[in-house]
Amino acid sequence: MKSVPMVAVIQFPGSNCEYETKRAIKNSGMDSFIYRWNQWQELRDGQPDAYILPGGFSFQDRVRAGAVAAKERIMDLVFSEAADGKPLLGICNGAQILVESGLVPGWERGRIESALAANHINGRSGYLSRWVFLNVASKAQRISPWLGKTGNGVIPLPIAHAEGRFVFSEENRGRALNSAALTYCDEEGIESSDYPINPNGSFLNLAAIMNDRGNVLAMMPHPERAFWLWQLPPFLPGEWGDRIDQSFRSGSYAVTKGPGSLFFTSLADYFRGER
Amino acid sequence: MGNTSIVVSLKAPDPAAITAMSTFRRIYPETCPDSLERYDYWCFMNPRRGRETVNGIVSRYHDIVNPNKQTWTFIDDINKLAGSDDSMLWIGVLVTDIIDSVSENWTAIFRRNCCEVEGVLCSVLWRFGFAPGIAFDTARNRVLDLTVSTYRDHGLLANPVSQKIDLSVLSLI
């Protein structure tokens with residue numbers, strides 16, 4: 001590994017969160033480069049220490065969100081690196097690509113064992129953009145390099161997707177709980193399958209799942225959009241709302257890190273061996 | 001009464017079909033079809049006055065067919081749509097979400113507005129075109145292989161965890 005860990009951000013045609021993601025990585029003390037989907041040789045030569053597939057609409061979500069990007073040649077390399085244990089995070093559309101790649105839940109190598117299906121909400125369909133609250137599963141916090149520093153509190157993050165409902169086949173539903181990483185809850189941490197707490201009808205209120213080793217994490221919420229406290233909405237209930245008030249009073253509002261930073265800080269600490 | 005189905009296509013080339021076809025050419029150069037078409041497929045359940053009812057719905061709701069950019073026909077007239085090549089072997093496969101908010105919400109709208117249908121089921125119809133000379137069973141097996149996505153390097157058009165596929169639409173085309 002290099003003296004400063006390098007995280008590769010993979011840009012597909014239609015990705016639109018790569019620059020925010022890169023900034024979040026750099027602001028967490030790591031290095032980052034954006035690689036286009038056709039730069040697989042450059043990516044291989046760059047020998048990144050971790051990978052992120054950012055949010056957006058790869059290939060305009062044609063056919064099915066993430067389906068076409070999952071077949072790209074650059075994913076061969078990402079797939080083998082993740083199998084070797086390197087940290088890999090998929091955010092929103094990146095999560096959809098990981099699911100369509102069979103990297104999560106990853107019970108059988110390369111097999112597609114889950115889906116991120118269209119939101120299922122009574123009375124509406126299509127794209128949904130709002131803030132949600134999340135619990136971190138204790139096993140995931142223990143083993144995933146992306147979650148080690150997420151603490152015990154409820155985490156508010158924004159979501160923005162039309163296809164974010166985790167689904168498993170009937171025979172695999174019993175195993176899904178083991179793959180849980182983040183679950184939707186209210187500001188008190190109480191889970192519910194009702195809208196808007198669970199915003200898309202996701203099975204087991206899942207907002208993120210991981211593979212058995214925990215190095216691959218597929219999450220629908222956007223941590224890079226809540227990296228700084230000023231990115232959070234005003235009057236947010238819960239602990240992070242209190243932090244907004246405190247930082248206002250202390251004059252540190254503009255420079256205080258937000259809940260999304262916890263995911264990137266976790267990775268930086270993982271590389272420093274602080275977990 | 002029975003169900004009445006329509007297919008809706010873009011007047012311009014369908015970008016999803018083009019992307020799917022280029023992906024097939026790249027990852028399945030030996031078995032990819034010679035042509036691929038994509039349609040929105042709407043199955044209206046028990047329209048009270050059959051095609052007349054469906055005609056009325058389609059002309060009323062431009063979210064179903066936007067006449068500025070889309071064209072439509074009843075399913076059994078699909079070969080009359082521009083671009084269809086009679087000399088090819090065509091195999092259609094319907095891909096439907098197992099749980100589908102769009103169908104549920106349109107059904108609720110139709111019931112609320114007394115549209116004379118019991119409900120609607122929305123799907124995507126993919127039509128694979130093969131050059132003459134290929135055996136039907138061979139083509140059918142290729143369609144299944146190309147459609148059902150079970151591994152990262154196997155299939156593209158449907159994720160069987162959340163979607164079902166139906167080849168019975170074959171009998172209608």
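This is a predicted model: local features need pLDDT of at least 70, side-chain atom pairs count only at pLDDT 80 or more; totals for chains, interfaces and linings use all residues.
Author: Residues are numbered from 1 along each chain as its sequence is written, chains are lettered from A and ligands numbered from 1 in the order in which they are written, and side-chain values use heavy atoms, with hydrogens and water left out.

Reader: What is the order of the strands in the open sheet of chain A?
Author: The nine strands run S2-S1-S3-S4-S11-S10-S9-S6-S7, with mixed pairing. Strands S2 (31–36) and S7 (155–161) of chain A each have a single partner strand, so they stand at the edges and one side of each lacks a neighbour in the sheet. From one strand to the next the twist averages 25°.

Reader: Which strands pair with S11(A), and in which sense?
Author: S4(A) pairs with S11(A) in the parallel sense over four bridges, and Ile91(A) has Met219(A) as its bridge partner. Strand S10 (residues 206–210) of chain A pairs with S11(A) in the antiparallel sense over three bridges, with Met210(A) bridged to Leu217(A). The hairpin of S10(A) and S11(A) has five residues between the strands, and Gly214(A) there takes a positive phi near 85°.

Reader: How do you know that both faces of S11(A) are covered?
Author: In a regular strand the side chains alternate between the two faces of the sheet. In strand S11 (residues 216–219) of chain A, Val216(A) and Ala218(A) lie on one side, Leu217(A) and Met219(A) on the other, and all are buried.

Reader: Why is Arg64(A) called buried?
Author: Buried means under 20% relative accessible area, exposed over 50%, and partly exposed in between, with a 1.4 Å probe and protein chains only. Arg64(A) has 7% relative accessibility, so it counts as buried. Its place is in the loop between S3 and helix H3 (74–83) of chain A. Leaving aside neighbours within four places in sequence, Arg64(A) is in contact (heavy atoms within 4.5 Å) with residues including Glu100(A), Glu163(A), Ser149(B) and Gln163(B).

Reader: What is the span of helix H7 of chain A against the expected one?
Author: The expected span is 1.5 Å times one less than the number of residues. Helix H7 (residues 239–250) of chain A has 12 residues and reaches 16 Å from its first C-alpha to its last, close to the 16 Å expected. H7(A) is followed by Gly251(A), whose phi is positive, near 80°.

Reader: Which residues of H7(A) are buried, and why are they said to line one face?
Author: Trp240(A), Gly241(A), Ile244(A) and Ser247(A) are buried. Seen down the axis of H7(A), the buried residues fall within an arc of 120°, so they line one face of the helix. The arc is that of the directions from the helix axis to the C-beta atoms. These residues pack against S7 and helix H8 (261–272) of chain A, whereas the face turned away carries the exposed residues Arg249(A) and Ser250(A).

Key. Two strands pair if DSSP finds at least two bridges between them. Helices (H or I, at least four residues) and strands (E, at least two) are DSSP runs, numbered from the N terminus. Axes are lines fitted to C-alpha atoms, for helices over the stretch in contact, and angles run from 0 to 180 degrees between N-to-C directions.
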